Amino acid sequence: MIKQAGSWLSPKEFAVRIGTSVHFVHKRLSAGDIPCRNVPGAEKGLIHCKHIKR
């Protein structure tokens with residue numbers, strides 16, 4: 001597992017936080033609807049928690 005710093009979440013953690021499936025998050029990442037930071041060695045990028053609506 002890649003170590004994450006601060007407010008960056010994996011797609012799985014992001015899905016849990018917003019209450020949806022990981023598949024949905026992966027689809028939104030692929031479509032470019034959710035900005036992410038690419039990390040070497042990661043299947044998908046990390047998502048900043050500021051993208052979670054409060």
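Student: How many helices and strands does the chain have?
Tutor: Two helices and two strands, in a predicted model. Helices are DSSP runs of H or I with at least four residues, strands are E runs of at least two, and both are numbered from the N terminus. This being a predicted model, local features need pLDDT of at least 70 and side-chain atom pairs count only at pLDDT 80 or more, while totals for chains, interfaces and linings use all residues. Residues are numbered from 1 along each chain as its sequence is written, and side-chain values use heavy atoms, with hydrogens and water left out.

Student: And in what order do the elements run?
Tutor: From the N terminus, β-α-α-β.

Student: OK, new topic. How many salt bridges does the structure hold?
Tutor: One (a side-chain nitrogen of Lys or Arg within 4 Å of a carboxyl oxygen of Asp or Glu). Aspartate 33 pairs with arginine 28, with the closest N and O atoms 2.8 Å apart.

Student: What share of the chain counts as buried, then?
Tutor: 26% of its 54 residues.

Student: Which residue lies over the face of tryptophan 8?
Tutor: Arginine 37, at 4.3 Å from the ring centre. The rule wants NZ of Lys or CZ of Arg within 6 Å of the ring centre and within 35 degrees of the ring normal.

Notes. Buried means under 20% relative accessible area, exposed over 50%, partly exposed in between (1.4 Å probe, protein chains only).
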